[in-house]
Amino acid sequence: MASEKSRVLVLGGTGYLGKRLVKASLREGHPTYVLQRPENCMDINKIQLLLRLKKHGAKFIEGSLSDHESLVRAVKQVDVVISALSSSDISTTATQLQLKIAAAIKEAGNVKRFIPAEFCIDPARHVHDLEPAKTLNVRMMDVRQAIVEANIPYTSIAANCFAGYFVPNLCQLGSLLPPKDNKVSIFGDGNAKAIYVDENDIATYTVKTIDDPRTINKTLHLMPPENIRSQNELISIWEKLTGKKYERSTISGEDYLAIMNGADAIIQFGITHNYPIFYEGGYLKSFELKEGDEEATKLYPDVKYTTVEEYLKRYA
C-alpha cells in the first residue's frame with residue numbers, strides 16, 4: 001500500500017516561483033495549501049490567481065506573516081512548509097519573514113520538512129561576494145543557521161540561475177527578451193560556465209525532495225548537465241535557431257561593476273549577484289559537491305528537464 005503523501009503549505013504561492021511550486025506539489029499528489037493572507041485581499045491579480053490554483057486542487061489556509069499565532073495555526077495543519085517568498089529583498093524584511101516562519105514551525109513542532117526561500121546560487125559559497133550581494137548571502141546563511149539551531153528538518157535548494165532571467169535575453173542587461181538588433185554584450189571572455197534551470201523544473205525538483213530522506217538537512221544543487229553553458233554557447237544556440245549572426249562586444253569586469261555607479265539598490269544587487277557568474281572564471285571554476293550536498297539530476301533521473309535549447313525555442 002502506497003504511503004500517504006505529505007501535506008504541503010506553500011508560502012508565497014501566488015508569486016513567480018510559488019505558483020509553480022503549488023502546481024508541482026499537486027501533480028505529485030500532495031494535498032497542497034496556499035496561505036491566504038489578509039494583506040492581499042485587495043489585490044485582484046492575486047485573488048484571480050488563487051482561484052485558478054483552487055481550480056487545480058489547491059486549498060487555502062488563512063493566516064498572516066505578521067500574526068505569529070495565525071502562522072502557527074496554519075503550520076500545524078501540514079507536514080511540509082515551502083517558503084517561496086522573495087529572498088532578494090535588499091532590506092532586512094526577507095530575513096525577518098524567514099525567521100518568523102522558522103519560529104512558527106518550531107513552536108508548532110509537527111513539520112517534518114522546511115524548504116526556506118533561497119532558490120539561488122548556494123549562499124554558503126558566496127558569503128565573500130561583493131556588496132550588496134554579500135549581505136544578502138550572509139542573511140540567508142543566518143536564516144539557515146537559525147533553522148539548524150531550532151532543530152527543524154530542512155532542505156535548501158540551490159537553483160542556480162532562473163532560465164527566464166538569463167536565457168531568452170542571452171544574459172543581456174535591460175531586457176528579458178532576445179536582443180532586437182544583431183548586437184550582444186559579452187561579459188569577460190564569455191566562456192565562464194553557469195547553470196540555467198527552467199523555473200518549472202526548479203519546482204518539480206523541489207517537491208521531489210520533501211518525502212526523500214536522502215535530502216534531509218542537505219542542500220540540493222540543480223545542475224542539469226545540458227544546461228551548464230557559457231554565454232558564448234547560449235548565443236551560438238540562438239544563432240543556430242534563428243539563422244542570425246550576432247556582433248559580439250566585450251565588457252570588462254571593471255566596466256561591468258561601474259554600471260552600479262548611481263544605480264538603485266536592485267540594480268546594484270543584480271550586478272554583484274551576477275559578477276561571480278560571469279567573471280574571474282565563473283562560480284563553477286572550482287565547484288565540487290561537498291558533504292551535505294546532493295545533485296538533483298542524479299537523485300531524480302526520471303525528471304525530464306527542459307534544456308536551454310528547448311527554452312530558447314519558445315522565443316525563436
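**Figure 1. Contacts of Asn274 in the predicted model.** Beyond its neighbours within four places in sequence, Asn274 is in contact with Phe166 and Tyr256. The model shown here and in the other views is predicted. Asn274 belongs to helix 10, which covers residues 265-278. With a relative accessible area of 13%, Asn274 is buried. Its side chain makes a polar contact of 2.9 Å with the side chain of His273.

**Figure 2. Buried face of helix 5.** Helix 5 runs over residues 133-149, 17 residues in total. From first C-alpha to last, helix 5 reaches 24 Å, close to the 24 Å expected at 1.5 Å a residue. Its buried residues are Ala133, Leu136, Asn137, Arg139, Met140, Val143, Arg144 and Ile147. They cover an arc of only 160 degrees around the axis, so they sit on the same side of helix 5. An α-helix has 3.6 residues a turn, so residues three or four places apart point the same way.

**Figure 3. Packing partners and end of helix 5.** Asn151 follows helix 5. The phi of Asn151 is positive, near 60 degrees.

**Figure 4. Leu222 and the nonpolar cores.** The largest nonpolar core holds 66 residues. Within this core, Phe119, Tyr196 and Leu222 touch the most other members. Not counting residues up to four places away in sequence, Leu222 touches Ile157, Ala158, Ala159, Asn160, Ile195, Val197, Ile202, Tyr205, Glu295 and Ala296.

Figure 5. The whole structure contains zero disulfides. A disulfide is a covalent bond between the sulfur atoms of two cysteines. For Cys161, the closest cysteine sulfur is that of Cys171, 7.6 Å away and therefore too far for a bond. Seen from Cys171, the closest cysteine sulfur is in Cys161, again at 7.6 Å. The cut-off for a disulfide is 2.5 Å between the sulfur atoms. Cys161 counts as buried at 1% relative accessibility. Cys171 is buried too, with a relative accessible area of 4%.

Notes. Residues are numbered from 1 along each chain as its sequence is written. This is a predicted model: local features need pLDDT of at least 70, side-chain atom pairs count only at pLDDT 80 or more; totals for chains, interfaces and linings use all residues. Side-chain values use heavy atoms; hydrogens and water are left out. Helices (H or I, at least four residues) and strands (E, at least two) are DSSP runs, numbered from the N terminus. Buried means under 20% relative accessible area, exposed over 50%, partly exposed in between (1.4 Å probe, protein chains only). A polar contact is a pair of N or O atoms within 3.5 Å; within protein, one must be able to donate a hydrogen and the other to accept it, and residues adjacent in sequence count only if both atoms are side-chain atoms. Contact means heavy atoms within 4.5 Å. A nonpolar core is a set of buried Ala, Val, Leu, Ile, Met, Phe, Trp, Tyr and Cys residues joined through side-chain atoms within 4.5 Å. The expected span of a helix is 1.5 Å times one less than its number of residues. The arc is that of the directions from the helix axis to the C-beta atoms.
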